[in-house]
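Welcome to the tour! Open your viewer, get the selection tool ready, and follow along one stop at a time.

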Amino acid sequence: MSGDLRHPDRDPDRRQFVAEKQEPFGAILSCIDSRVPPELLFDTGLGDLYVMRTGGEAIGPVVTGSVEYGPMTSGTPLIVVLGHQRCGAIEAAYNSIRDGKPLPGNLEAIAKALRPAYEQAVRVGGADPVDSMARAQVTLTAADLRSNQDLAPLVKKGALAVVGAYYSLDTGKVEVLAGAPA
């Protein structure tokens, strides 16, 4: 938030260190939005994070498998589902579902994946329904991952935290919405 960037682990020595083996401390599922690159937001370097990016943090089997990879193969102790302010994918899905007008091409698959968040946002209401939907998508996706048949045992024994978070484009702040470790 302060702009005090350290740019750790980005030099040739780090590249050599991680060339043979990786042990990232976190896995992040975030949006494809060009303003929200997790490696830059969290000021991380080579080998620090597994990063998956989809429109509106939509998930399906391949994405879920990608998120599972770190915790299940190398003991990565943290998954963060990171939504953000003014998400274009969420807004497009919201408008499409509300208006009953399918999105073109495979974009409709994103809208279908985001329907549960839309339904929750409509139930909850609020001044900004698109923002409510973005936050709902984060909490629903984090809850799904937390209860996933392969990840749930790791969560239960305390070897894995699955956190839902929201990034403010205006302030640079990341707000934890759900799943913060005790």
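**Stop one: a pocket**

Begin with the second largest pocket, which holds about 150 Å³ of space. Keep in mind as you look around that this is a predicted model. S1 provides the largest share, with three residues. What kinds of residues make up this lining, nonpolar, polar or charged? Twelve are nonpolar, two are polar and none is charged.

**Stop two: His84**

Stay with strand S3, which covers residues 78-84, and select His84 in it. Is His84 buried or exposed? His84 counts as buried because its relative accessible area is 1%, under the 20% cut-off. Next, show the residues it touches beyond four places away in sequence: Cys31, Asp33, Arg35, Val36, Ala134, Tyr166, Tyr167 and Leu169.

**Stop three: Gly47**

Move on to the loop between helix H2 (38-41) and strand S2 (49-54), and pick Gly47 there. Gly47 is partly exposed, because its relative accessibility is 22%, which falls between the 20% and 50% cut-offs. Leaving aside residues up to four places away in sequence, Gly47 touches Arg14, Val18, Glu23 and Pro24.

Definitions and conventions: Residues numbered from 1 in each chain as written. Predicted model: local features only at pLDDT ≥ 70, side-chain atom pairs only at ≥ 80, totals over all residues. Heavy atoms only, no water. Helix = DSSP H or I, 4+ residues; strand = E, 2+ residues; numbered from the N terminus. Buried < 20%, exposed > 50% of the residue type's maximum accessible area, 1.4 Å probe, protein only. Contact = heavy atoms within 4.5 Å. 1 Å grid on protein atoms, 1.4 Å probe; cavity = no way out; pocket = protein on both sides within 12 Å on 5 of 7 lines; lining within 4 Å. Points joined across faces, edges and corners; volume = space filled by probe spheres on them. Nonpolar A, V, L, I, M, F, W, Y, C, P; charged D, E, K, R; others polar.
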